[in-house]
Amino acid sequence: MMEVAVIIVLLYKAVTGVLGSAGDRSWIFQKCLQSCLQVNCTSRHGNVFESTQPQYMRLLQWDCPSECEYLCMWKTVDAYQRDGSPVPQFHGKWPFTRLFGIQEPASMIFSILNGLSHIVMMRQFRSKVPSSAPLYYLVHIYCLVGINAWMWSTIFHTRDLPFTEKMDYFCAIMLVLMNLYYLLFRLLGYRSLLQWLSYTVPVIAFYVYHVCYLTFVKFDYGYNMKANITLGGLNSVGWFAWCVYHRQKLKYVWKCFLVVLITDLLLSLELGDFPAIWWTFDAHSLWHCGTAPLALLWYSFSIDDCLHLHKEVDIHLD
């Protein structure tokens, strides 16, 4: 559940990146970039650049033009600071200091922590919940979707490229839909095949349509943002309502309620976006830092909920 609002943050940054930012539109940046490309990235100088570049930088696809952009970004930042002007964004992002070619090291590390949270808690889930319990396999699917989403978040923050960006967005919306599907399954259950298909098919169909439209028709950030904000809102409202409705009968619902509440509160970090502290920790990376421990509480809720449902099944059988 804690990942639901992540997509809103990612989409906001994507839109600002497409429209451009003050830093990359500035005369200083454009002049520096033009000069750097002419001096370093022509066929005459390209071989010199490639021979001096470390192997790990080549693996991360830091080619000559991207190196020029990185160099000119910092020259532009220095010029802005000397002039007493606020630090600008570049392609919708704050300036970050690379670490061994990693473009956003803090967000990358915190994305790994989020993925590890899923792995650690799934081991605990499997040790406490019997395979015959309702939602047992659904939680496994949720875990795999979560690990996949955070894996691509790690890759994307390591190196922002068109392909890694698309995979990060597609896997993020898959996780948002998985949270919604979890809610629907918890509400409606599996009383018959027809009932299960009534909410499973629409979720799958929407995801296929969404990815195909953005891939083959138009990568429309505006449509993408509206779709994901709607899904994120449905998730939050749905889980809040479910918790309030079951608060007397199920004493453990406070865990779910708290995860949803903190997730929504963490969005304030993004609303108050600020330049990266020490050129490393921006609001987005701190957001990732905040969501990592929430997975522990969410899986604790899932364990309690599955054990409760399993107990109910046993009572009905008796």
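How many disulfides does the chain have? The count is 3, where a disulfide means a pair of cysteine sulfur atoms within 2.5 Å. Keep in mind that this is a predicted model: local features need pLDDT of at least 70, side-chain atom pairs count only at pLDDT 80 or more, and totals for chains, interfaces and linings use all residues. Residues are numbered from 1 along each chain as its sequence is written, and side-chain values use heavy atoms, with hydrogens and water left out.

Here are the pairs.

| Disulfide | S to S | Torsion about the S-S bond |
|---|---|---|
| C32 and C72 | 2.1 Å | about -80° |
| C36 and C68 | 2.1 Å | about -75° |
| C41 and C64 | 2.0 Å | about -85° |

Counting bonded cysteines along the chain, the pattern reads 1-6, 2-5, 3-4. Then there's C256, which is in no disulfide; the nearest cysteine sulfur, that of C243, is 3.4 Å away.

How buried are these cysteines? Buried means under 20% relative accessible area, exposed over 50%, and partly exposed in between (1.4 Å probe, protein chains only). C72 is buried at 0%, and C32 is buried at 14%. C36 and C68 are buried too.

Of its 318 residues, 52% count as buried.
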